[in-house]
Amino acid sequence: MSKMAGNTLREAGEGISPGRDLGPLVERVLEEGADVFFRVDSPLGPVFVAAGSRGVTCVDRAGIPEDFVRRYRERFGRLLVPAGEREGGFVRRVAAALAGRRVEVPLDLERMTPFQRRVMRVVRGIPRGEVRPYGWVAREAGSPGASRAVGNVMARNPVPLLVPCHRVVRNDGTPGNYGFSPQEKVRLLREEGVPLEELSGSPYAATPTTGVFCHATCRHARRIQPENRIPFRSPADALDAGFRPCRVCRPAAV
DNA sequence: TGATTGACTCTCA
DNA sequence: ATGAGAGCCAATC
């Protein structure tokens, strides 16, 4: 750890004459400039998490710390130093969130465009164990028809898991692609209890008892008794059959 | 400004 | 069923 900090500070010290005491620089960097990072376990395995004063900026698979720090500077233009005692509570919070607990973690998405931020906010609200299509995310974000653009946002999601982009799937109920690998997406969703095979081909479900249809993984849909469950391939089919969209999971525009 | 790109989504053989 | 092709939207250069 201390060795790594040394490297980081050396890089930060461009313009500082050799031999100068770096102590004051350390303090200045910690007080006003540097973001911090730490390593923590996650469903994707060990990851590095970086955060600034506004919140988490980046989550990525843990590799060589120096590489992470270097890439971070290239991408965010910010210096990165290992988290210390002061960040202990924050680190535990992030660890809990990554472990799947419903803990609020502040995110710093300042660098993203308004559309990208809206998409991130929508995706963040998809509960564990549930999935939603790209097209639905687009509509919820205020840009119906922008499903492909949503895919582009997901592909560059700086904070995977914290914004659960693995829960965004294709409209036909198949998992679709994922930055780390489609297999990884399937594994994560299985771990969360998503019945992928049941979803594929009929990602919507209705029950005559209420006349409502849902995304098949909506918490309401999952309570439908098997004998009452009517699967649907698309919202249009469910509407044609006389069902109305669930107000919780909003499978179609009202 | 215009062309290109792509974790999408339809339609039609 | 399955795959090619076209349409689409926001970002990027």
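A disulfide here is a pair of cysteine sulfur atoms within 2.5 Å, and by this rule the count comes to zero. Take Cys214: the closest cysteine sulfur, in Cys246, sits 3.7 Å from its own, too far for a bond. Cys214 is buried at 4% relative accessible area, and Cys165 counts as buried too, at 6% (buried means under 20% relative accessible area, with a 1.4 Å probe and protein chains only).

A word on the model: it is predicted, so local features need pLDDT of at least 70 and side-chain atom pairs pLDDT 80 or more, while totals for chains, interfaces and linings use all residues. Residues are numbered from 1 along each chain as its sequence is written, chains are lettered from A, and side-chain values use heavy atoms, without hydrogens or water.

| Side chain | Atom of DNA strand B | Distance |
|---|---|---|
| Tyr134 | base nitrogen | 3.0 Å |
| Asn152 | base nitrogen | 2.6 Å |
| Arg170 | phosphate oxygen | 3.1 Å |

Helix H6 (134-140) and helix H7 (147-155) are the elements giving two or more residues to this surface (helices are DSSP runs of H or I, at least four residues). H7 has the largest share, with seven residues.

Notes: Polar contact = N/O pair within 3.5 Å; in protein donor to acceptor, adjacent residues only side chain to side chain. Buried < 20%, exposed > 50% of the residue type's maximum accessible area, 1.4 Å probe, protein only.
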